[in-house]
Amino acid sequence: MHEPPAPKERRARKRLGADDWADAALAALAERGLAGVAVEPLAARLGTTKGSFYWHFANRDALVAAALARWEEVSTERIIRAMEAAEPDPAARLGALLRGATASAADDPLEVRLLAASDHPEVAAALARVTERRVGYLAHLFELLGFPPAEARRRGLLAYTSYLGHAQLAHAVPGSVPADPAYLAAVTAALLRP
């Protein structure tokens, strides 16, 4: 007598968490702007159902809030912690931060898309928090380099606006800003000049 055939095994799926949904929302936002953050397309992208979404979030606004919190953590706090751990010299840290951030921004349109969506209250609030944290961190580096607090703040703001301008131009007018490391070294040198 033959044994009955084994039932078809279901393909094992990774259990999705809120961070998976937030990451997918950020990817969609980078590709299509805030309007691209829609539950059904995200579920399809993740290979799951809307039920998974509703397990983690009450609605789309909750997903947008989670995605923005994830962006703040991954794109600001983790980077600051990594810089603090990797480089003890503030001038070298500043240079590495500017090189890494501008290269990343040139490749990833997320920051530009978020700036374009600044009329959305949640996005505006996240942008304000991230801007303050980033400028504050840059100002801290300039203070470590001996600049008085007000001047350190001014230079931190100048460094951050240079980064944002670089990101905007890299996406709006490809090829308009040099990819040459010497260019960013010159920007860093200008920011460090007394």
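Arg70 counts as buried at 17% relative accessibility, where buried means under 20% relative accessible area, exposed over 50% and partly exposed in between (1.4 Å probe, protein chains only). The model is predicted, so that local features need pLDDT of at least 70 and side-chain atom pairs count only at pLDDT 80 or more, while totals for chains, interfaces and linings use all residues. Residues are numbered from 1 along each chain as its sequence is written, and side-chain values use heavy atoms, with hydrogens and water left out.

The side chain of Arg70 meets that of Asp23 in a salt bridge (2.7 Å, N to O). This pair links distant parts of the chain, with Asp23 in helix 1 and Arg70 in helix 4, 47 residues apart. Helices (H or I, at least four residues) are DSSP runs numbered from the N terminus. Asp23 is partly exposed, with a relative accessible area of 34%.

The whole structure contains 14 salt bridges, each defined by a side-chain nitrogen of Lys or Arg within 4 Å of a carboxyl oxygen of Asp or Glu. Among them is the pair of Arg93 and Glu84, with closest N and O atoms 2.6 Å apart. Arg93 is buried at 5% relative accessible area, whereas Glu84 is partly exposed at 37%. Arg155 and Glu151 form another salt bridge, with a closest N to O distance of 2.7 Å. Arg155 is buried, its relative accessible area being 8%, and Glu151 is partly exposed at 22%. These two residues are 4 residues apart in helix 8 and are therefore separated by about one helical turn. Through shared partners, salt bridges also join Asp19, Asp23 and Arg70 into one network.

Leu42 touches Trp21, Ala24, Ala25, Ala28, Val37 and Leu63, residues up to four places away in sequence not being counted; contact means heavy atoms within 4.5 Å. Val39, Leu42 and Ala43 are the buried residues of helix 2. They lie on the same side of helix 2 because they cover an arc of only 105° around the axis, taken from the directions from the helix axis to the C-beta atoms. These buried residues pack against helix 1, helix 3 (50-56) and helix 4. The face turned away from the buried side of helix 2 carries the exposed residues Glu40 and Ala44.
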